[in-house]
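Subject: Structure handover, with notes on pockets and helix packing

Hi,

Here is the structure I promised to send over. My notes follow below it.

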Amino acid sequence: MQLSSLISSRLPTLASATLPLAILPGEGIGPEIIVACHPIFDAIEKYTPYTFDIAYGGTIGKAAYDECGSALTEDVVAFCRHSFARGAPLFCGPGGHRFVYELRKLFDIYCKFVPLRPLPALHDTGVLRPSAVQDTDILLVRENAGGLYQGTWHTERSASSVRAHQSFSYDEQQVSRIISLAVAAAEMRRGSLCVVHKPGGTPSISELWVRVAKQCTASSQVDLRFLEVDTAAYLVIAESRTFDVVVTPNMFGDVIADAAAVLLGSRGMSYSFNLGDNGIAVYQTGHGSACDLAGTRKANPLGQIQSFAALLHESFGLTDLSQSLLDACNEVLATGLRTADIMGPDSTLVSTTEMGAAVAAAFSHHLAAQQQLLSVAQTR
């Protein structure tokens with residue numbers, strides 16, 4: 001199931017064994033968790049017919065803002081535009097300030113998918129009982145192009161006070177396209193859709209989302225329900241197994257996804273992918289740049305690694321490779337190797353690079369075994 005196929009008809013053809021890839025290392029722990037993925041690139045090139053044509057972009061986020069006054073610089077815009085034009089998905093380390101919002105607005109990257117499916121090996125960690133997260137499989141669909149984060153703002157200052165203003169909106173086309181995608185995703189999955197709103201707090205926007213959702217599901221067999229955002233934030237955690245696809249406005253999705261990362265055992269395990277038309281895709285972690293952890297070798301790279309597995313599946317259609325990488329992540333965790341944020345009973349603490357190397361080794365074992373099976377089959 002490629003969710004990207006719901007958005008773009010520009011599907012991967014893989015006419016060449018060379019895979020274009022654009023990388024923004026990011027800030028804070030970003031460069032470290034990107035480096036932890038390098039052995040995975042090497043394993044693919046060693047054991048499969050594929051090679052990567054990798055281009056690296058520049059500084060993003062708060063670091064870029066502090067340096068030149070913009071979280072999304074003209075050089076990075078040009079890099080992204082060229083990368084998308086050559087069919088390269090963007091593999092992005094975390095970046096702060098307004099980087100992601102400006103990138104999404106500029107390239108109309110309007111849909112964010114956040115998979116919330118805990119890896120089975122992490123049953124022994126996190127603050128929730130194992131029974132509370134067992135069989136959880138939620139797809140959060142977040143609208144990126146409108147709402148609070150894409151609004152306007154200004155500040156009035158006088159001698160006696162400061163008044164801050166924020167204005168935001170949604171139009172029907174924005175709401176229709178994201179809910180239509182969520183409906184299609186629910187039809188591909190288990191047929192249940194939850195729409196998140198807040199009629200008392202945002203009455204006109206909530207009315208629009210409810211009306212459009214009813215229109216979009218009128219001719220489908222999807223089971224539709226509505227929840228207010230505060231109730232949804234609680235129930236997604238307390239009754240996670242009752243959810244299939246959840247679609248939300250911009251800010252609501254941001255908060256729910258971060259809170260629901262507790263289902264995964266740690267925010268370090270969370271990841272997402274952002275899609276627009278014409279094959280535009282950005283893969284990233286679900287957490288921030290954690291500048292306080294930069295250089296400590298403590299950062300968990302598994303969110304970044306899982307986002308790369310999503311990239312292999314969604315942008316390149318390499319489903320078997322993607323699944324093998326996810327299996328490798330789970331197998332390594334099952335041996336007890338853990339970064340500090342996901343330590344469990346009898347676990348062994350490893351660094352960022354050690355975790356990346358362990359996953360790459362398990363992944364290589366999978367690929368080597370598959371290569372051997374193919375070789376045997378070809379000699380018969």
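Which strands and helices each supply at least two residues of the lining of the largest pocket? They are strand S4 (111–116), helix H6 (130–133), strand S5 (138–143), strand S11 (271–275), H11 and H12.

Before the details, two notes on the source. This is a predicted model, in which local features need pLDDT of at least 70 and side-chain atom pairs count only at pLDDT 80 or more, while totals for chains, interfaces and linings use all residues. Residues are numbered from 1 along each chain as its sequence is written, and side-chain values use heavy atoms, with hydrogens and water left out.

The pocket

The largest pocket holds about 910 Å³ of space. It is lined by 42 residues, and those closest to its centre are Pro115, Arg117, Asp137, Tyr271 and Leu326. H12 gives the most to this lining, with 6 residues. By class, the lining of the largest pocket has 23 nonpolar, 12 polar and 7 charged residues.

As for terms, a pocket is an open set of points on a 1 Å grid over the protein atoms alone, with protein on both sides within 12 Å along at least five of seven lines; a cavity is a set where a 1.4 Å probe fits but cannot get out, and lining residues have an atom within 4 Å of a point. Points are joined across faces, edges and corners, and a volume is the space filled by probe spheres set on them. Ala, Val, Leu, Ile, Met, Phe, Trp, Tyr, Cys and Pro count as nonpolar, Asp, Glu, Lys and Arg as charged, and the others, Gly among them, as polar. Helices (H or I, at least four residues) and strands (E, at least two) are DSSP runs, numbered from the N terminus.

The cavity

The structure holds 1 cavity of 30 Å³ or more. About 40 Å³ of space lies in the largest cavity, and its lining consists of Val100, Leu103, Arg104, Ile109, Asn274, Val282 and Gln284. Helix H5 (99–107) and strand S12 (281–285) each supply at least two of the lining residues, with H5 giving the most, 3 residues. The lining of the largest cavity divides into 4 nonpolar, 2 polar and 1 charged residues.

Helix packing

H11 (residues 302–314) also packs against H12 (residues 319–334), at an angle of about 160° and with the axes 7 Å apart. Axes are lines fitted to C-alpha atoms, for helices over the stretch in contact, and angles run from 0 to 180 degrees between N-to-C directions. The two helices are therefore roughly antiparallel to each other (over 145 degrees; under 35 is roughly parallel, 65 to 115 roughly perpendicular and the rest oblique). The residues in contact (heavy atoms within 4.5 Å) include Leu302, Ile305 and Phe308 of H11 and Leu321, Leu325 and Leu326 of H12. This contact of H11 with H12 has 11 nonpolar, 4 polar and no charged residues.

H11 has another partner in helix H2 (residues 38–47): their axes come within 11 Å and cross at roughly 35°. Here Ile40, Phe41 and Ile44 in H2 meet Ile305, Phe308 and Leu312 in H11, giving 6 nonpolar, no polar and no charged residues.

Finally, the axes of helix H7 (residues 172–188) and helix H8 (residues 203–217) come within 9 Å and cross at roughly 45°, which makes H7 oblique to H8.
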